[in-house]
Amino acid sequence: MKAFIFILSIALLGGCASRDIVTMDEPTKQIHDLNDLDTDGVIVARERCNGTILGASIDNYGCGKVRPINERSELKILFANDSYYIDPQYYDQIEVIATFMTDYPNTVVTIEGHCSKTGTYEHNLTLSQNRANAVTSVLTEQFGIEPARLTAIGYSYDRPVDMSETSIAHTRNRRVIAEVTGEDTTADMKWHIYTVDEEVK
């Protein structure tokens with residue numbers, strides 16, 4: 001019996017050794033395109049939306065997600081005490097708002113003017129309104145934004161960001177906020193490790 005098993009094993013090994021060897025002389029033809037031409041993480045075989053904005057959130061088919069525009073940003077414009085004059089060095093910040101509104105023509109912006117708690121409420125109400133008006137004037141006169149798309153509101157010292165009433169607090173509270181809203185939509189961008197740094201300026 002042992003001899004029979006030994007002979008059978010030799011026969012099987014010989015049979016395996018005599019099989020034809022298959023070589024890979026030609027590259028294997030890829031049925032599906034596995035490239036990711038727009039680098040959004042979705043291969044061409046699945047892609048339905050080419051040219052997705054880099055960094056945008058996407059669905060399983062490479063189509064970018066959108067969200068309605070509703071942005072608030074503080075313009076880093078330093079006003080002198082009891083003044084609404086805007087130094088031209090701050091125009092580049094206002095230009096950012098103007099460029100955004102030009103890119104998204106169905107947006108409108110509300111400019112909020114704020115003051116520090118020095119002087120009477122009524123005086124600061126007028127001053128904060130003048131600060132908001134000054135920004136909308138720059139948007140219109142320097143960057144060609146239609147006045148109908150702009151609203152200016154003064155809040156006096158009703159909305160302070162620093163309640164300490166120190167000199168630093170007064171400087172921080174003399175500020176202008178731009179709130180952009182509209183029917184347009186913008187790409188919903190992915191969160192990444194630098195997102196917080198970009199938002200906190």
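Reply: Start with a definition: buried means under 20% relative accessible area, exposed means over 50%, and partly exposed lies in between. Keep in mind that this is a predicted model.

Me: Is phenylalanine 100 buried, exposed or partly exposed?

Reply: Its relative accessible area is 24%. Buried needs under 20%, and exposed needs over 50%. So phenylalanine 100 is partly exposed.

Me: What kind of aromatic pair do phenylalanine 100 and tyrosine 104 form?

Reply: Their rings are 4.8 Å centre to centre, with 35° between the planes. Stacked needs planes under 30 degrees apart, edge-to-face needs over 60, and the rest count as tilted. So this pair is tilted.

Me: What kind of pair do tyrosine 121 and tyrosine 157 form?

Reply: The ring centres of tyrosine 121 and tyrosine 157 are 5.4 Å apart. Their planes stand at 85°. An angle over 60 degrees counts as edge-to-face. So the pair is edge-to-face.

Me: How many residues apart in sequence are the parts that this pair ties together?

Reply: Tyrosine 121 lies in helix H3. Tyrosine 157 lies in the loop between strand E3 and helix H4. So the pair ties together parts whose separation in sequence is 36 residues.

Me: Where on helix H2 do its buried residues fall?

Reply: The buried residues of H2 are Ile94, Ile97, Ala98 and Met101. Seen down the axis of H2, they fall within an arc of 100°. Val96, Thr102 and Asp103 are exposed on the other side.

How values were computed:
Residues numbered from 1 in each chain as written. Predicted model: local features only at pLDDT ≥ 70, side-chain atom pairs only at ≥ 80, totals over all residues. Heavy atoms only, no water. Phe/Tyr/Trp six-rings, centres within 6.5 Å; stacked < 30°, edge-to-face > 60°. Buried < 20%, exposed > 50% of the residue type's maximum accessible area, 1.4 Å probe, protein only. Helix = DSSP H or I, 4+ residues; strand = E, 2+ residues; numbered from the N terminus. Arc of directions from axis to C-beta.
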